[in-house]
Amino acid sequence: LGVRVQREASGVNIVDAGIGAPGSVAAGLLVGEICMAGFGNVRLRSGDGWPTWLDVHSAQPVLACLASQYAGWSLAASKEETGGKKFFALGSGPARALACKEPLFAELGYRDRADQGVIVLEVDKPPPRVVLDKVLRDCALAPDALTVVLTPTTSLAGTTQVVARVLEVALHKAHQLHFDLSHIVEGSASAPLPAPSPD
């Protein structure tokens with residue numbers, strides 16, 4: 001998969017899928033499914049006037065996309081907190097439903113309980129300790145029960161997992177239009193997969 005997995009001194013498991021490690025499209029497909037908390041499939045196909053496409057499907061799209069895949073958890077740290085540079089990332093993935101820090105979860109009437117969690121960050125540097133401590137505290141997890149997946153949007157895995165949000169974009173739009181989400185019982189979407197870009 002071209003990823004690097006290492007356990008921090010604190011015990012948190014860090015998966016580098018494109019910062020120091022090269023990552024891959026295959027890793028991005030898996031990260032797309034991780035972001036959907038296992039409630040969806042992300043597949044690669046070719047044809048239709050573009051070399052590669054992603055097809056995304058979920059039989060539980062509201063949970064998969066809005067309660068997990070949506071990058072809605074704001075995780076920030078000041079220069080003073082990091083001892084250097086400011087840090088900002090939006091967290092996505094199943095750990096969001098453990099913390100429930102967004103008003104969206106009250107609207108959905110949903111909260112998870114688990115003894116392990118995964119969060120995905122679209123960043124080009126690892127999160128500082130203060131951010132990891134916040135995630136652990138808000139999710140009520142032990143350090144060795146948290147996995148953080150890092151996917152810069154300029155990497156193969158990062159670009160792939162962003163395109164894998166095509167169904168989530170549709171669910172987010174439906175939510176913004178105040179469509180009754182209980183009427184959405186299944187979802188499928190497709191989008192072309194471009195080459196990664198530095199900007």
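In strand 9, Pro 192 is the bridge partner of Trp 53, and the pairing of strand 9 with strand 4 (residues 50-58) is antiparallel, with six bridges joining the two; strands are taken to pair if DSSP finds at least two bridges between them. Helices (H or I, at least four residues) and strands (E, at least two) are DSSP runs numbered from the N terminus. The model is predicted, so that local features need pLDDT of at least 70 and side-chain atom pairs count only at pLDDT 80 or more, whereas totals for chains, interfaces and linings use all residues. Residues are numbered from 1 along each chain as its sequence is written, and side-chain values use heavy atoms, with hydrogens and water left out.

Strand 9 (residues 187-192) has a covered face made of Gly 187, Ala 189 and Ala 191, and an uncovered face made of Ser 188, Ser 190 and Pro 192. In a regular strand the side chains alternate between the two faces of the sheet.

The structure holds 10 salt bridges, each defined as a side-chain nitrogen of Lys or Arg within 4 Å of a carboxyl oxygen of Asp or Glu. One of them joins the side chains of Asp 16 and Arg 4 (3.8 Å, N to O); because Asp 16 lies in strand 2 (residues 13-16) and Arg 4 in strand 1 (residues 4-7), the pair ties together parts that are 12 residues apart in sequence. Asp 16 is buried at 9% relative accessibility, whereas Arg 4 is partly exposed at 41%, where buried means under 20% relative accessible area, exposed over 50% and partly exposed in between (1.4 Å probe, protein chains only).

A further salt bridge is formed by the side chains of Glu 8 and Arg 129 (3.2 Å, N to O), and this pair links distant parts of the chain, 121 residues apart, with Glu 8 in the loop between strand 1 and strand 2 and Arg 129 in helix 6 (residues 129-139). Both Glu 8, at 27% relative accessibility, and Arg 129, at 34%, count as partly exposed.

Glu 102, in the loop between helix 4 (96-99) and helix 5 (103-108), is buried, with a relative accessible area of 10%. Neighbours within four places in sequence aside, Glu 102 is in contact (heavy atoms within 4.5 Å) with Tyr 70, Gly 72, Trp 73 and Arg 96.
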